[in-house]
Every structure is written in C-alpha cells, then in structure tokens.
Amino acid sequence: MQKTKSTTTETVAYKGDIPNTPIRFVLYISRQFKFLALGAIIAVLTAQFAEMAAVYAISQLVDNFAAAVTKTEQIDVLVFWGVVFVTLGLVDRIAWRASGFSGLAWAIKADAVAYQELYSYITKHSHNYFSSRFAGSLSNKISNAAGNSADMVMRFLWDILPVTISVFATVWLFAAIHW
C-alpha cells in the first residue's frame with residue numbers, strides 16, 4: 001500500500017514593492033513624474049484661485065464704480081478693475097491649459113509605468129501560476145488597475161482638487177466676514 005501525500009497550497013500575501021491600495025499604487029507609479037505632478041497641481045491651484053479672484057474683481061468693479069462720484073473716478077475704477085479682471089481671466093485660462101498638458105502627460109506616463117510594473121511582476125511567476133489561473137483574466141486585471149490609476153490621477157486633478165480649494169476658500173471667506 002502506498003501512502004499519498006496531501007499537498008495544500010497556501011495563498012501568501014504579496015510583500016513586494018508594489019503597493020496593494022489604490023492611492024498608494026498611484027503614488028508609487030507617479031514617483032518618477034514628481035515635477036509633472038507638481039506642475040499640474042500648481043497649475044490647477046493657480047487657475048482655481050484666479051477664477052475666484054476674478055469674481056472678487058468684478059464685484060469690486062461694480063461696487064467701486066457705483067461709489068465713484070465723478071466721471072474721472074468712474075473711468076479710473078473701470079480701467080483698473082477691468083484690467084485686473086481681464087488679467088485674471090487670462091491667468092485662469094493659461095493655468096487650466098497648463099494643467100491639461102502637464103496633467104495628461106502625468107496620467108499617460110503613470111499609466112505606462114503601471115502596465116510595465118504589473119507585467120514585469122507577473123512575468124516573474126512560474127508556468128504553474130499561469131496554468132492554474134486564466135491568463136486573460138490576469139491581463140484584464142492589469143489593464144483595469146493601470147487604466148483606473150490614470151483615471152484616479154485625472155479625477156483628483158480636475159474634480160477633487162478644484163472643489164476642495166473652493167470649499168476651503170468659501171469657508172475662509174465666511175470666517176473673515178464681520179457679521
């Protein structure tokens with residue numbers, strides 16, 4: 001009579017370099033593109049502040065124009081606040097454009113690094129690893145992880161960051177108002 005060995009396979013958690021949470025993974029794949037990321041974030045901050053400052057400039061133009069007594073004062077107010085408003089509008093548009101260029105470059109490059117890192121990791125496995133799993137499923141998961149990481153970069157840059165800035169600026173303005 002022969003003894004049969006019972007082999008059980010354990011699933012061991014991955015303890016390598018690649019993070020296993022979405023935000024950490026995005027930070028991990030973005031580490032090479034610090035300057036693109038910083039440039040995109042600064043451009044969004046600049047654009048958002050210029051946009052909010054333009055609203056303030058238009059309100060100052062209206063208030064100071066209404067308060068001016070002579071035509072000369074009105075023209076001075078109109079010219080000054082008109083130039084400020086137009087300048088802020090230009091800064092706003094240029095900063096949004098700069099955030100688009102640098103943000104998309106960041107997202108595209110991070111997406112490429114995500115694919116490289118994940119495929120590099122997966123190709124280090126044995127043939128047995130692939131035969132016991134569907135290779136197409138693994139490839140699909142890599143595509144989802146890489147694509148969604150790039151989406152997270154864009155969502156943070158153009159959805160979350162501007163709203164956060166606006167909320168904090170609004171809270172600060174309300175706190176500064178003398179009721």
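## Exercises on a predicted helical model

Helix α3 (residues 71-122) supplies the largest share of the nonpolar patch, four residues. Keep in mind that the model is a predicted one. Let's work through it together.

**Exercise 1.** Find which residues make the nonpolar surface patch, and decide whether Ile 94 is buried or exposed.

*Solution.*
- Step 1: The patch is made by Ile 58, Phe 85, Val 86, Leu 90 and Ile 94, and covers about 460 Å².
- Step 2: Ile 94 has its place in helix α3, the helix that gives the patch its largest share.
- Step 3: The relative accessible area of Ile 94 is 59%. Exposed means over 50%, so Ile 94 is exposed.

**Exercise 2.** Work out how the axes of helices α1 and α3 are arranged, and list which residues make the contact.

*Solution.*
- Step 1: The axis of α1 (residues 22-30) comes within 8 Å of the α3 axis, and the two cross at roughly 100°.
- Step 2: Angles of 65 to 115 degrees count as roughly perpendicular, so α1 and α3 are roughly perpendicular to each other.
- Step 3: On the α1 side, the contact is made by Phe 25, Tyr 28, Ile 29 and Ser 30. On the α3 side, Trp 106, Ala 110, Val 113, Ala 114, Glu 117 and Leu 118 take part.

**Exercise 3.** Locate Leu 138, and decide whether Leu 138 is buried or exposed.

*Solution.*
- Step 1: Leu 138 lies in helix α5 (residues 135-176).
- Step 2: With a relative accessible area of 13%, and buried meaning under 20%, Leu 138 is therefore buried.
- Step 3: Now look at Tyr 119, which is 19 residues apart from Leu 138 along the chain; their C-alpha atoms are separated by 9.5 Å.

Notes. Residues are numbered from 1 along each chain as its sequence is written. This is a predicted model: local features need pLDDT of at least 70, side-chain atom pairs count only at pLDDT 80 or more; totals for chains, interfaces and linings use all residues. Side-chain values use heavy atoms; hydrogens and water are left out. Patches are made of residues with over 30% relative accessible area and no salt bridge: like charges are joined within 9 Å, nonpolar side chains (Val, Leu, Ile, Met, Phe, Trp, Tyr) within 5 Å. Accessible areas come from the Shrake-Rupley method with a 1.4 Å probe; for residues, only the protein chains shown count as cover. A salt bridge is a side-chain nitrogen of Lys or Arg within 4 Å of a carboxyl oxygen of Asp or Glu. Buried means under 20% relative accessible area, exposed over 50%, partly exposed in between (1.4 Å probe, protein chains only). Axes are lines fitted to C-alpha atoms, for helices over the stretch in contact, and angles run from 0 to 180 degrees between N-to-C directions. Angles under 35 degrees count as roughly parallel, over 145 as roughly antiparallel, 65 to 115 as roughly perpendicular and the rest as oblique. Contact means heavy atoms within 4.5 Å.
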